[in-house]
Amino acid sequence: MRHVIALDVGGTGMKAALVAQDGALLHQARRATGRERGPDAVVEGILDFAAELSAHGAEHLGGPASAAGVAVPGIVDADRGIASYAANLGWRDVPLRDLLTERLGIPVALGHDVRTGGLAEGRIGAGQGADRFLFVPLGTGIAGAIGIAGRVEAGAHGFAGEIGHIVVRPGGSPCPCGQRGCLERYASAAAVSEAWAAATGDPDADAADCAKSVASGDPNAVRVWQHAVDALADGLVTALTLLDPRTLIIGGGLAEAGETLFTPLREAVERRVTFQKLPSIVPAALGDSAGCLGAGLLAWDLLATTDSTEEPT
């Protein structure tokens, strides 16, 4: 059966699948990224994992994979196939696409993890059917994927969608990017966890604990939560003013709070819009499988391009 390799590389773990053309998951596997062993070991682990997936397909699915799609964190130059900066993996300028192509002997597509997850959410998840969408996962940081007509815009230099570094509180908290007052310093799951731990005096308190306390009516939690929601709404209104998406998809750990997040967020965004058209604000549908599913889509897209260029004229 014709299939592709889909591999989503995270800071601590890798999720993978062999994916049929209709999107069926024919085989799934997970493995630790192994970042504690250093960046070279991480790269070698990715290559080994991909080779094992290829061998599994050859043995159980009647032949090797036709292509591979790989999603990685950091800065990704998809055109050149280079993964440049991922602080949690410690690598710089890794020619990952070429390394995988050499190891596997098949075409490989490389994508940024958030944009790849956004591709899946836009095509087969919460944004299905929307011609314009913005996918914003709220995790350790905040990024975004700009969806246009079934594809995700990378930008001229691979930085499109970095909504987490919109300054929403000028002169505010310093951000590792070098600015002060960036959105992700106030509205990421990590930022909410930090604020709630400070408010409670419990270093182990996190954003999920804060959400539960909000739901039970704790005024301290409501204050911390609303502070984050207001910052998020400010950033999102800036984004929708520029991009005019039809659907705004919110994912990541903070979105797991459900309507504890979405009810005040929709209200906060609506209060801020003037001439802008209010998009649908919906939770992501694919969870932590989005990156892997998106990697499969990257691989099938690559094959579609390759197949069309190889057709006889």
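A: This is a predicted model, in which local features need pLDDT of at least 70 and side-chain atom pairs count only at pLDDT 80 or more, while totals for chains, interfaces and linings use all residues. Residues are numbered from 1 along each chain as its sequence is written, and side-chain values use heavy atoms, with hydrogens and water left out.

Q: Is Asp301 buried or exposed?

A: Buried means under 20% relative accessible area, exposed means over 50%, and partly exposed lies in between (1.4 Å probe, protein chains only). Asp301 has a relative accessible area of 18% and is therefore buried.

Q: With which residue does Asp301 form a salt bridge?

A: Side chains of opposite charge can pair when their charged atoms come close. A salt bridge is counted when a side-chain nitrogen of Lys or Arg is within 4 Å of a carboxyl oxygen of Asp or Glu. Here the partner of Asp301 is Arg151, with the closest N and O atoms 3.5 Å apart. Asp301 belongs to helix α9 (residues 290–310) and Arg151 to strand β11 (residues 151–153), so the pair ties together parts that are 150 residues apart in sequence. Helices (H or I, at least four residues) and strands (E, at least two) are DSSP runs, numbered from the N terminus. Arg151 is exposed, at 51% relative accessible area.

Q: Which parts does the pair of Asp230 and Arg272 tie together?

A: The side chains of Asp230 and Arg272 meet in a salt bridge at 3.6 Å, N to O. Asp230 lies in helix α7 (residues 219–243) and Arg272 in helix α8 (residues 259–272), so the bridge ties together parts that are 42 residues apart in sequence. Asp230 is partly exposed at 21% relative accessibility, and Arg272 is partly exposed at 25%. Both residues belong to a network of salt bridges that also links Arg169, Asp234 and Arg271.

Q: How many salt bridges are found in the whole structure?

A: A search of the whole structure finds 16. Among them is the pair of Asp77 and Arg80, at 3.3 Å, N to O. Asp77 is partly exposed, with 25% relative accessibility, whereas Arg80 is exposed at 53%.

Q: Which residues does Val282 touch, beyond those up to four places away in sequence?

A: Contact means heavy atoms within 4.5 Å. Val282 touches Ala126, Thr247, Leu248, Ile249, Ile250, Phe262 and Arg266. Val282 itself sits in strand β13 (residues 280–283) and is partly exposed at 22% relative accessibility.
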